[in-house]
Amino acid sequence: MDCNRAEKLLVGYLYQELSPAETVRIEKHLESCSRCARTLENWKAIHLGFQRTVEEPPSAPYLKEKILATARQELGRKNTFFENFYLILKPALILPVMLFAALAVFLIFQRNTQMAQAPKPQPAAVQETAPSSRLDPDTENKLRSLGYVGEDQQAGSRSAKEVSKPSLSRDRNELADSMEARKQDEGRENDVAVQQYDLKAKTETLSKDRPSAPEPSYVQEKETISPPVAASPVPAQPPAPAEEGKGMEVKNAAFKKAQVYFERNDLNKGKTEAEQAIVQDKTGSLAAEFHEAGKKYQSNKEPEQAIVQYNLVLNNYPYYEQSPDVILRLAEAYEQIGAYDKALNSYQQLRQYPALKNTADQKIGEMMKKRKAQEQLRSLGYVDKQ
Amino acid sequence: MKDDHANPEKEYQQRSFDKALQEAVDQLPDEQREVFLLREQMNLPFEEIAKVVGCLPSTAKSRMRYALQSIREKLANRFSMADIA
């Protein structure tokens, strides 16, 4: 293998993405080529160095040493008697538990089988005593239990045929009537239950069909707010079907890529990638992700990144339930970078929500004062004119 | 790691290297930096990187190779890789 070919395989070898055959070939080449071996060592150093910057914060060698010392101590420690006993006992406990569970399942299954195989009622005896009966088999069983059938099987007793027919038929008729009445009552109760269920289902259907009519007034009023940035928002989608696997992968990958750009302070590319992710977002789940990302940046004193995240939410997810919080945080972020006009605009939007009106009014007063002071500083030449 | 703690000079050298490495990565062309960060920071395999950036896996690996070569050239003047690795 020549060095040109080998160098093309080195990247795959460094990240362990070669096939076994390719691995053997490249390793054989590296044994005999010091140039390629040196290249690999250098790339490994770059890889390890970058991993250090990603994983290890600039910190506490003391803390690291303390953790290592504790780890060494733990590794060197021998198990106590009970720890050793438990290690041996653990497999010995699992087997009886599994056997017990299997036995319980078997017994339950057998009981159910026996109940299903219980002898069924004998229709022949019933027909012998009541050849013209208009009753169903359940009623016949009740008659047997009351002693009106099957008496010829008892020792010394009179035959069922000798039972007085008029009294038998009268009792039978009364029982049939009461059974009939009870069936009618049950039917009425069922009808009521069905009607109630239908009513509930209709009510739920109606509420699902009205996505633009939530109960809280501030949510309803929110619909009149125009988005803070001029870009036209994507109209909200109705409750969406589950995302397909591939679309979700592309969405997640684009979102991650966007966050990498934001972390590297490349806001333009981050916003472009984020918009790609939003296009793939069928369920609207990214609204909360951007919201959380914005909070993270704001707590890390990076209001610029936070502003981009919040605007992505407000421009693309106008029905996001946490929109008031997003608007408030956006206003605070604008204030942090000294964009008092933008902050003022956001606080004015917050006045639409009754719960936040007082806070918004207070902040509007503060922003107007700050804006006036900023203008005076500019006129005095203490800050650059914009 | 034990050696780093015992050898402050090596630790200082490593920190300088890491800082220079960050700068070298920031100076990479966009396409190479994208692949480099997705591999090193997000730990995506090259198949996935290719899907994300919209190219072939072999193209993604080539961009990574160029990125590593570029970083190595920038750092080789200031650092001996053998000492840092």
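Author: Chain B of this predicted model exposes about 4,600 Å², and carbon and sulfur atoms supply 46% of that area. Of the 85 residues in chain B, 46% count as buried. The secondary structure of chain B consists of 6 helices and 0 strands, so that its pattern, read along the sequence, is α-α-α-α-α-α. When the contacts in chain B between residues at least 6 apart in sequence are considered, 54% of them join residues at least 24 apart.

B:Gln32 belongs to helix H3 of chain B, which covers residues 30–40. With a relative accessible area of 15%, B:Gln32 is buried, because the cut-off for that class is under 20%. Once its neighbours within four places in sequence are left aside, B:Gln32 is in contact with B:Arg63, B:Tyr66, B:Ala67 and B:Ser70.

Two packed helices are described by the angle between their axes and the distance between the axes. For helix H13 (residues 303–316) and helix H14 (residues 323–336) of chain A, the axes come within 9 Å and cross at roughly 150 degrees. H13(A) is therefore roughly antiparallel to H14(A), since angles over 145 degrees are placed in that class. On the side of H13(A), the contact is made by A:Pro303, A:Ile307, A:Tyr310, A:Asn311, A:Val313 and A:Leu314, while H14(A) contributes A:Ser323, A:Val326, A:Ile327, A:Arg329, A:Leu330, A:Ala333, A:Tyr334 and A:Gln336. Sorted by class, the residues in this contact of H13(A) with H14(A) are 10 nonpolar, 3 polar and 1 charged.

The loop between H13 and H14 of chain A contains A:Tyr319. The relative accessibility of A:Tyr319 is 48%, and this residue therefore counts as partly exposed, because exposed would require over 50% and buried under 20%.

Methods: Residues are numbered from 1 along each chain as its sequence is written. Chains are lettered from A and ligands numbered from 1 in the order in which they are written. This is a predicted model: local features need pLDDT of at least 70, side-chain atom pairs count only at pLDDT 80 or more; totals for chains, interfaces and linings use all residues. Side-chain values use heavy atoms; hydrogens and water are left out. Helices (H or I, at least four residues) and strands (E, at least two) are DSSP runs, numbered from the N terminus. Buried means under 20% relative accessible area, exposed over 50%, partly exposed in between (1.4 Å probe, protein chains only). Contact means heavy atoms within 4.5 Å. Accessible areas come from the Shrake-Rupley method with a 1.4 Å probe; for residues, only the protein chains shown count as cover. Axes are lines fitted to C-alpha atoms, for helices over the stretch in contact, and angles run from 0 to 180 degrees between N-to-C directions. Angles under 35 degrees count as roughly parallel, over 145 as roughly antiparallel, 65 to 115 as roughly perpendicular and the rest as oblique. Ala, Val, Leu, Ile, Met, Phe, Trp, Tyr, Cys and Pro count as nonpolar, Asp, Glu, Lys and Arg as charged, and the others, Gly among them, as polar.
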